[in-house]
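Please open the model in your viewer and keep the selection panel handy. We will go from one stop to the next, and at each one you will hear what to select and what is there.

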Amino acid sequence: MTTILPLGLLDKAISSRVWILMKDDREFEGTLRGFDDFFNMVLENVIELDNGKKNKLEQILLNGTQICLIIPGGEIS
Amino acid sequence: MNQLPKESIIKLQSHINKEVVIQFQGGRQVKGTLLSFDVQLNLVLDEVRELPSQRILGLVICRGALINSFAIDGMVEIENPYI
């Protein structure tokens, strides 16, 4: 029985690109460096999409309380 | 006060591999196949489409903390019964 748990899947995604959808209309895409039990995340080489505006950020700590969806290996589309 | 059993009141095991529609706080809605879940209600969904835009998201981790509701067996729109 090899069902993968949500945190297990996130752990596998470390060092790869992830696409994150927030509770509101913002999206982040970056390389996942790590996360904690509260889904706070460290991301690198980040593209932030905010109301159609793109920002580039080198390294961020993303607050887990607002994170809604995480797509491993995903890209902002 | 009596000790209540520390079991989740939501039984998701029977909905594994079924299609669900999840509503989140903030208004997001997604439809996908439930692959797994944990005690905090974080989910792994497959073949996820965002609603209503039908944007394809694929394999997705959903945060249980922001889930408002689940629909199993789909939803049907009805006329407003309160008017």
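**Stop 1: a buried arginine and its partner**

Select Arg28(B) to begin: with a relative accessibility of 7%, this residue counts as buried (buried means under 20% relative accessible area, exposed over 50%, and partly exposed in between, with a 1.4 Å probe and protein chains only). A note before going on: this is a predicted model, in which local features need pLDDT of at least 70 and side-chain atom pairs count only at pLDDT 80 or more, while totals for chains, interfaces and linings use all residues. Residues are numbered from 1 along each chain as its sequence is written, chains are lettered from A and ligands numbered from 1 in the order in which they are written, and side-chain values use heavy atoms, leaving out hydrogens and water.

Which residue does the side chain of Arg28(B) meet in a salt bridge? The partner is Glu50(B), at 2.9 Å from N to O; a salt bridge here is a side-chain nitrogen of Lys or Arg within 4 Å of a carboxyl oxygen of Asp or Glu. This pair links distant parts of the chain, 22 residues apart: Arg28(B) sits in the loop between strand S1 (19-24) and S2 of chain B, and Glu50(B) in strand S3 of chain B. Helices (H or I, at least four residues) and strands (E, at least two) are DSSP runs, numbered from the N terminus.

**Stop 2: across to chain A**

Next, select Glu27(A) and Arg55(B). They form a salt bridge whose closest N and O atoms are 3.0 Å apart. This pair crosses between chains, from strand S2 (residues 26-35) of chain A to strand S4 of chain B. Both Glu27(A) and Arg55(B) are buried. Keep these two on screen together with the pair from the previous stop: Glu27(A), Arg28(B), Glu50(B) and Arg55(B) are linked in a network of salt bridges.

**Stop 3: a pair within chain A**

Move to Arg33(A) and Glu44(A), another salt bridge, with the closest N and O atoms 2.9 Å apart. Arg33(A) lies in strand S2 of chain A and Glu44(A) in strand S3 (residues 41-50) of chain A, so the pair ties together parts that are eleven residues apart in sequence. Arg33(A) counts as partly exposed, at 42% relative accessibility. Over all chains, the structure holds seven salt bridges.

**Stop 4: backbone details in chain B**

Return to chain B and select Leu51(B) with Pro52(B). A cis peptide bond joins them, with omega about -5°. Pro52(B) is placed in the loop between strand S3 (43-51) and strand S4 (55-62) of chain B.

In that loop between S3 and S4 you will also find Gln54(B). Its phi is positive, about 65°, although Gln54(B) is not a glycine, and its relative accessible area of 38% makes it partly exposed.

Then pick Leu41(B), in the loop between strand S2 (29-37) and S3 of chain B. Is Leu41(B) buried or exposed? At 18% relative accessibility, Leu41(B) counts as buried. Its phi is positive too, at about 75°, and Leu41(B) is not a glycine.

**Stop 5: zoom out**

Finally, show chain B as a cartoon. The view has zero helices and five strands. The C-alpha atoms fill a box of roughly 45 × 40 × 25 Å along the principal axes. Of the 83 residues of chain B, 40% count as buried.
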